[in-house]
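I opened this model to look up its fold content, its surface and its annotated segments. My notes follow in the order in which I checked things.

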Amino acid sequence: MQPLDHIRDYFGEKIGIYFAWLGFYTWMLLPAAIMGLVCVIYGLVRLESYIPVKDICDTSKNFPMCPRCDKRCPYWSLSDTCIYSKVAYVFDNEFTVVFAIFMSIWAIMFLEFWKRRQAEIAYEWDLLGYEDEEEQPRPEYEAVAMETRLNPITKVEEPFISLGRKVPRFICSFSFIIFMLALVVIAVFAVVVYRVAVYAVLAASSDYNMGAVNMATSGTAALLNLITIMLLNKVYEKLAEILTRWEMPRTQTELEDIFSFKMYLFQFVNFYSSLFLYCVFFKLSPGRPAEFNRIFGFRQEECNPAGCLFELLVQLAVIMVGKQIFNNFIEIIVPKLQNWWRRRQNIETPDLTEYTRWELDYDLTQYPVHGLFYEYLEMVIQYGFVTLFVAAFPLGPFFCPHQ
């Protein structure tokens with residue numbers, strides 16, 4: 001008998017493959033994290049000898065720069081962006097090209113090695129073709145099915161919901177999804193307006209240099225964007241659960257597949273749109289003198305002389321690190337507090353040793369409805385961060401190992 005034969009049920013498969021994925025994922029991130037650290041160290045070593053940074057930081061040259069707004073903004077010196085340029089070079093230097101090529105190869109190798117690992121686990125646990133086995137309809141589906149039909153495979157009468165009843169539900173569900181995706185785009189645009197307004201106000205004051213203005217604007221906008229992302233994510237999570245069950249999928253596998261598609265589609269737009277929509281479609285085309293692009297009367301924010309990559313770096317770092325901190329709090333601290341509170345309710349019991357096993361287990365938090373689905377989803381989102389935007393934030397793999 002194989003050592004893991006007793007885990008060949010549904011939940012055993014999910015939990016076992018999750019831990020196999022977790023170990024493999026963490027192990028594969030190690031070379032990426034090392035290469036990212038080498039990239040940053042290379043930038044630190046080469047910083048003092050990099051000629052563009054030396055020219056920008058040379059206060060004796062005093063290159064005057066055009067005002068960043070129309071009326072109240074003064075001329076400013078290029079040396080104001082010295083710290084900004086140094087930080088940008090540390091993360092975006094000559095070695096970044098090598099690192100980007102390495103990560104492209106790493107992404108392909110990761111997928112191929114995971115396919116092999118997944119096949120090994122499925123073979124060892126005798127789970128090949130597991131999803132193709134016959135699956136009974138869900139009780140919720142049978143409860144609302146008003147018709148029956150002859151199953152073409154088993155030749156047995158089974159509950160059936162006609163396509164005419166399902167189509168209106170799919171159309172309504174799809175409309176809600178489109179609305180939520182449009183809400184994400186509107187939220188991104190609102191953050192853009194915030195950036196432009198705050199940047200204009202700070203740039204009009206002579207108390208701040210342009211480097212500090214850029215950093216303050218990028219940092220606060222990224223934090224605001226993170227809060228918006230987490231709030232929309234919670235709202236859509238509840239909505240996706242309601243819509244998926246309202247569509248009446250026939251089997252549990254169909255329900256999980258539909259729910260997974262909805263959640264990943266929204267998370268993809270929610271987490272990634274702010275990282276490329278603003279820098280690509282707004283920052284790179286501010287216009288030219290006398291014909292500047294404007295948003296609600298404000299001149300569109302321009303890229304720093306050191307480039308637009310710093311904004312992407314700040315936004316990516318805040319979203320990745322902030323997301324990890326929030327998830328750690330929800331998944332580790334909150335369950336411990338809940339368990340402590342439930343035990344506290346029984347503190348007046350004279351002798352806790354008289355508790356039975358099920359009474360002790362009652363004080364624990366309940367197993368989530370979707371099991372480890374959100375753990376998988378978080379790792380997939382992390383994989384997207386690493387493969388799509390890692391050139392802007394080489395230290396990203398250090399913040400990705402799942403808790």
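**Notebook: contacts, surface, segments**

I began with contacts, meaning heavy atoms within 4.5 Å, and found that 75% of those in the protein chain between residues at least 6 apart in sequence join residues at least 24 apart. I note that this is a predicted model, in which local features need pLDDT of at least 70, side-chain atom pairs count only at pLDDT 80 or more, and totals for chains, interfaces and linings use all residues. Residues are numbered from 1 along each chain as its sequence is written, and side-chain values use heavy atoms, with hydrogens and water left out.

I then looked up the surface: the protein chain exposes about 22,800 Å² (Shrake-Rupley method, 1.4 Å probe), and carbon and sulfur atoms supply 67% of that area. Of the 403 residues, 42% are buried (under 20% relative accessible area).

For secondary structure I counted 11 helices and 8 strands in the protein chain, taken as DSSP runs (H or I, at least four residues, for helices; E, at least two, for strands).

Residues 170-192 are 100% helix and 0% strand, with end C-alpha atoms 33 Å apart, whereas residues 380-400 are 48% helix and 0% strand, with end C-alpha atoms 10 Å apart.

Conventions. Buried < 20%, exposed > 50% of the residue type's maximum accessible area, 1.4 Å probe, protein only.
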